[in-house]
Amino acid sequence: MKFFQAFSMALKSILQNKMRSFLTMLGIIIGVGSVTALVSVMQGTQRQVIEEYKKMGANTISVSFYEGRDISRDLREFCQSVPKLIAGVTPNTSQNLKCRYKNKNWSTTIYFGNEDFGLCQNYQLEKGRELSYSDLYNRLPVCVIGSAVRQQLFGLEDPIGKQVRVGGVICTVVGLYKERAESKQWSQDDAVLLPQTMQRTITGSGNIESYTVKANSSGATKAAIPLLEGFLKKQAKAEYNYNVYSSNQWVEQDNQINGMLTLVVGGIAGISLLVGGIGIMNIMLVSVSERTREIGIRMAIGAPRRAIVAQFLIEAATISACGGVLGLLVGSLGSALLSAAIFKRIDLPTLPVALGAFLFSVLLGMFFGFYPAGKASKMQPVDALRSQ
């Protein structure tokens with residue numbers, strides 16, 4: 001029997017028993033829908049994590065030194081000695097303080113850094129300029145502000161050249177960073193950068209324990225970490241007095257954990273596909289018993305066993321394929337609703353996930369259709385014709 005003829009007969013059988021066919025497909029629909037929706041949400045979570053790390057800056061290395069002395073100059077000279085690996089380095093000391101402009105006050109995060117701060121922390125200028133070496137060397141009271149600070153203190157007024165009071169010191173605004181996080185409070189946009197040499201003047205302490213190093217690439221990040229560890233080992237009195245880690249390491253770990261969770265969640269949801277497969281086997285056994293006479297007639301006129309097997313396998317695959325298509329529609333809707341509620345955006349199943357779930361449902365239907373198909377092909381024509 002030709003494939004298209006068998007497929008046409010399968011569709012005819014499904015349409016003749018619409019309710020029974022739909023109930024048979026229901027397990028496949030629920031299985032495919034749950035797998036695609038949950039896996040899509042897990043992939044959306046992974047993308048969200050990667051985007052958050054990108055906001056903080058890719059290929060960055062965090063360096064901590066806990067011995068109470070300033071190694072900024074030595075660390076900077078070391079980083080400059082390996083320009084093929086490291087693009088810049090900046091102190092990363094911060095403190096929450098109030099900023100005042102005219103009659104407006106705003107509590108924000110004050111960072112003390114150098115001219116590489118924007119590069120290392122993934123900030124881009126919208127107006128004005130970055131800090132310069134001259135600002136640090138001459139301890140000039142200048143600052144670069146984030147978009148949230150600009151919005152709260154200046155509104156639509158141009159902040160460049162204006163003076164704000166930070167911790168009792170009047171500072172001139174020389175730069176404005178582009179918006180990164182919708183100008184939300186306590187986000188990356190809610191920040192003010194001052195020269196690191198102004199730290200003692202404003203806070204009363206010049207202690208710097210944290211630095212951010214910007215590598216040129218992901219490969220350079222891996223190569224730079226052991227070099228930085230070697231440098232700090234020479235500087236520190238004890239091994240536990242320093243620490244070096246990269247945001248790339250966190251991304252890799254999060255990806256591994258998310259990948260395992262995706263497999264677990266997909267596996268749990270896939271159990272319903274097995275239930276749907278059992279339903280297909282059950283309905284195919286019923287179909288074989290109902291069509292015993294048809295099978296006997298076909299075998300009596302010379303139909304080979306493989307044609308009988310092929311007919312019932314194609315019917316099982318057709319039922320599971322129809323259920324798979326409906327399941328993909330349900331899964332896409334579920335994925336869109338869940339992602340909109342969780343991430344405030346619409347994520348749909350990717351092509352590999354959708355195609356994989358669909359093909360698995362078809363193969364599952366054929367697998368569970370083998371037993372009914374084999375039972376049908378083993379009938380003796382005389383017994384089959386006598387049965388009705």
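This is a predicted model: local features need pLDDT of at least 70, side-chain atom pairs count only at pLDDT 80 or more; totals for chains, interfaces and linings use all residues.

**Entry 1**

How much space lies in the largest cavity? I looked it up and found about 110 Å³. I sorted the lining by class: five nonpolar, five polar and two charged residues. The structure holds one cavity of 30 Å³ or more.

Residues are numbered from 1 along each chain as its sequence is written, and side-chain values use heavy atoms, with hydrogens and water left out.

My terms for this entry:
- A cavity is a set of points, on a 1 Å grid over the protein atoms alone, where a 1.4 Å probe fits but cannot get out; a pocket is an open set with protein on both sides within 12 Å along at least five of seven lines; lining residues have an atom within 4 Å of a point.
- Grid points are joined across faces, edges and corners, and a volume is the space filled by probe spheres set on the points.
- Helices (H or I, at least four residues) and strands (E, at least two) are DSSP runs, numbered from the N terminus.
- Ala, Val, Leu, Ile, Met, Phe, Trp, Tyr, Cys and Pro count as nonpolar; Asp, Glu, Lys and Arg count as charged; the others, Gly among them, count as polar.

Next I checked the largest pocket, which has about 590 Å³ of space. It is lined by 23 residues, and Ser 72, Arg 73, Leu 136, Gln 196 and Thr 197 are the closest to its centre. Which element gives the most to this lining? I found H3, with six residues. Helix H3 (72-80), strand E2 (86-91), helix H5 (133-137) and helix H7 (199-203) each supply at least two.

**Entry 1: the nonpolar patch**

I turned to the surface. Met 19, Phe 22, Leu 23, Leu 26, Ile 30, Val 325, Leu 326 and Leu 329 form a nonpolar patch there, with about 740 Å² of accessible area together. For patches, residues need over 30% relative accessible area and no salt bridge; like charges are joined within 9 Å, nonpolar side chains (Val, Leu, Ile, Met, Phe, Trp, Tyr) within 5 Å. Areas come from the Shrake-Rupley method with a 1.4 Å probe, and for residues only the protein chains shown count as cover.

Helix H2 (18-56) and helix H11 (305-343) each supply at least two patch residues. H2 has the largest share, five residues. I picked out Phe 22, which sits in helix H2. Phe 22 counts as partly exposed because its relative accessibility is 39%. The cut-offs are under 20% relative accessible area for buried, over 50% for exposed, and partly exposed in between (1.4 Å probe, protein chains only).

**Entry 2: salt bridges**

How many salt bridges does the structure hold? I noted nine. Each is a side-chain nitrogen of Lys or Arg within 4 Å of a carboxyl oxygen of Asp or Glu.

Asp 116 and Arg 76 meet in one, at 3.0 Å from N to O. They are 40 residues apart: Asp 116 is in the loop between strand E4 (104-113) and H4, and Arg 76 is in helix H3. Asp 116 counts as buried, because its relative accessibility is 14%.

Asp 158 pairs with Lys 127, with the closest N and O atoms 3.9 Å apart. Asp 158 is in the loop between helix H6 (147-153) and strand E7 (163-166), and Lys 127 is in strand E5, 31 residues apart.

Arg 345 forms a salt bridge with Asp 347, at 3.3 Å between the closest N and O atoms. Shared partners join Arg 76, Glu 115 and Asp 116 into one network.

**Entry 3: loop residues**

Asn 122 is not a glycine, yet has a positive phi of about 65°. I placed Asn 122 in the loop between helix H4 (117-120) and strand E5 (125-128). Glu 182, also no glycine, has a positive phi of about 60°. Is Glu 182 buried or exposed? Glu 182 is exposed, because its relative accessible area is 59%.
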